[in-house]
Amino acid sequence: MRYADRVAGIPWERIEAIRKELAAWTALHHIGGEFVPSETGETFPTLDPSSNEPLSQAARGGAREVDRAARAAHEAFARWSRTPARERKRYLLKIAELLEKHADELAVVEALDTGQALRIVRAQVARAAENFAFYAEYAEHAMEDKTYPVDRDWLYYAVRVPAGPVGIITPWNAPLMLSTWRIAPALAAGDTVVLKPAEWSPLTASKLAAILQEADLPSGVFNVVQGFGEEAGAALVAHPLVPLITLTGETETGKVVMQNAAQHLKRLSLELGGKSPALVFADADLERALDAVVFQIYSFNGERCTASSRLLVEEAIFEDFVAQVAERARAIRVGHPLDPETEVGPLIHPEHLQRVLGYIRVGLQEGARLLVGGEQATTSFRGEDLSRGNYLKPTLFVGENSMRIAQEEIFGPVLLAIPFKDEAEALRLANETRYGLAAYVFTRDLERAHRLALELEAGLIYLNSHNVRHLPTPFGGVKGSGERREGGFYAFEFYTDLKAVGLPLRPPHVPKFGKG
Ligand code: NAD
């Protein structure tokens with residue numbers, strides 16, 4: 001079905017041509033500057049979430065491909081880590097430019113592969129380019145740290161050096177944006193990379209490798225191994241030539257990776273799941289709060305780590321506010337990712353749809369009150385048949401914080417509203433979770449907002465706003481949502497090794513052992 005002459009500025013004919021190309025294409029590994037199949041020749045299909053028909057295929061890598069990629073990254077590290085920062089900066093700027101040049105193709109491929117609405121993905125591709133442009137500016141400063149003059153006798157300084165090849169393991173929800181957010185600071189810092197994208201949306205990783213090749217990035221500096229988590233992912237975590245691992249994924253995966261990485265004492269950056277609360281007080285700008293909480297849970301098909309999936313609302317306004325959320329949730333346009341009017345598209349995979357539907361059943365069994373949705377969407381807002389895709393109606397429950405649907409990450413368009421009496425109860429409920437990625441507070445009381453910002457157990461706090469990412473600021477969670485921070489200079493704490501250098505400025509007193 002043709003929805004418009006152009007979607008997100010991309011001509012419809014171009015979209016169709018890209019879709020056709022994908023059917024005949026295989027997302028290969030990129031190792032040591034070459035695109036290669038698996039040694040076994042094995043591939044796996046990637047599905048179009050709107051129909052569950054094969055969209056394209058990817059090479060199925062394992063320990064052998066990871067070993068070749070790790071060796072390539074290790075060899076390239078010797079040169080890349082010594083490449084002048086100004087040159088690395090030029091590469092990053094070139095990559096940013098090329099990402100913009102190929103943005104239409106990348107956006108269409110990503111939208112088809114993930115089921116995210118094309119106009120939203122188009123903005124994410126722009127963010128991917130920004131990630132490189134942003135870290136290009138940091139390349140010449142990545143090694144900076146403090147000096148420590150001690151009286152006039154000693155000078156100590158701290159200096160950073162590239163830390164080595166990094167294994168970057170990414171999830172399926174926003175693969176290009178999330179991977180570039182790690183690749184850019186890694187390359188800026190002089191590290192080389194082996195990327196292992198998620199098996200449910202592998203396509204743009206290989207497209208990205210082609211773009212980095214077009215930028216003439218030296219071979220081996222950036223490598224991709226396609227494949228499954230337990231095969232390619234686990235092999236990457238276990239490889240002795242890759243001392244750093246950054247994983248973005250589920251909390252349970254984080255635990256497994258941490259255990260496996262412990263065998264090699266690897267440095268880890270873990271960006272994991274979330275069950276973030278939005279606290280809405282009666283004195284808030286309720287129109288803004290409504291827009292923000294609806295967007296924060298239902299955008300990106302609800303497959304968003306920072307989604308505010310627990311809506312805590314002050315008792316005095318609870319019924320009224322939740323009724324307004326329900327009205328908006330009911331009116332959300334569920335449709336095809338290529339439809340320019342679509343607000344919620346299909347979930348990534350039939351297995352994930354079943355998982356989310358399973359949680360809806362759990363919610364009902366637990367006694368949560370279902371206000372909206374709760375079932376598969378079989379027709380779009382235009383009346384098209386959606387029954388073959390993984391579409392879910394935006395769902396809203398009222399329940400309690402102790403329920404499983406309040407405590408476990410669902411990663412779909414499912415919101416649970418919970419009433420609270422006062423600030424103390426709101427804070428207690430907000431923090432009663434094993435996660436700690438984000439928290440959102442809506443109130444006009446400035447003191448309360450800042451008080452809560454300090455008390456809420458989360459790495460990211462937004463006051464009277466949805467999540468608007470600012471790249472220089474730290475990003476990451478506490479508790480089960482992970483550890484370490486990415487973003488800005490904070491990323492270099494992971495991608496570099498810190499050294500302290502001491503130099504006496506006049507002859508120091510050295511005890512003369514052995515001189516009697
Ligand atoms: P996942 O944990 O299933 O997979 C993530 C990646 O880990 C995939 O590439 C997978 O192949 C790999 N993997 C799986 N098992 C592995 C193993 N044993 N060893 C090495 N690698 C392994 O997560 P997902 O379902 O792809 O993504 C959704 C999750 O990601 C959600 O929990 C979401 O909250 C989280 N997420 C977090 C952030 C953040 O910044 N905190 C951002 C986006 C998504």
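How many of the 9 residues of helix 14 (residues 423–431) are buried? I started my notebook with that one, keeping in mind that this is a predicted model.

**Helix 14.** I counted 7 of the 9 as buried, so helix 14 is largely enclosed by the rest of the structure. I wrote down the buried ones: E423, E425, A426, L427, L429, A430 and N431. Next I looked up what they pack against, and I found strand 15 (276–280), strand 16 (308–314), strand 19 (414–420) and helix 15 (446–455).

**Helices 6 and 7.** I then checked how helix 6 (residues 175–188) lies against helix 7 (residues 203–214). Their axes come within 10 Å and cross at roughly 40°. The crossing is right-handed. On the helix 6 side I listed P175, L176, S179, T180, I183 and L187, which meet T204, L208 and L212 in helix 7. Sorting these contact residues gave me 6 nonpolar, 3 polar and no charged.

**Cores.** Which residues touch the most other members of the largest nonpolar core? I got L118, F132, Y135, I183, L187, V193 and F222, out of 69 residues in that core. Helix 5 (residues 118–138) gives the largest share, 10 residues. I took a closer look at F222: leaving out residues up to four places away in sequence, F222 touches H30, I183, V193, L195, L208, A209, L212 and L217. There's also a second, separate core of 42 residues, and V293, V313, A438 and F442 are among them.

How values were computed
Residues numbered from 1 in each chain as written. Predicted model: local features only at pLDDT ≥ 70, side-chain atom pairs only at ≥ 80, totals over all residues. Heavy atoms only, no water. Axes fitted to C-alpha atoms, helices over the stretch in contact; angles between N-to-C directions. Helix = DSSP H or I, 4+ residues; strand = E, 2+ residues; numbered from the N terminus. Left-handed = near helix turned anticlockwise from the far one by under 90°. Contact = heavy atoms within 4.5 Å. Nonpolar A, V, L, I, M, F, W, Y, C, P; charged D, E, K, R; others polar. Core = buried A, V, L, I, M, F, W, Y, C linked by side-chain atoms within 4.5 Å. Buried < 20%, exposed > 50% of the residue type's maximum accessible area, 1.4 Å probe, protein only.
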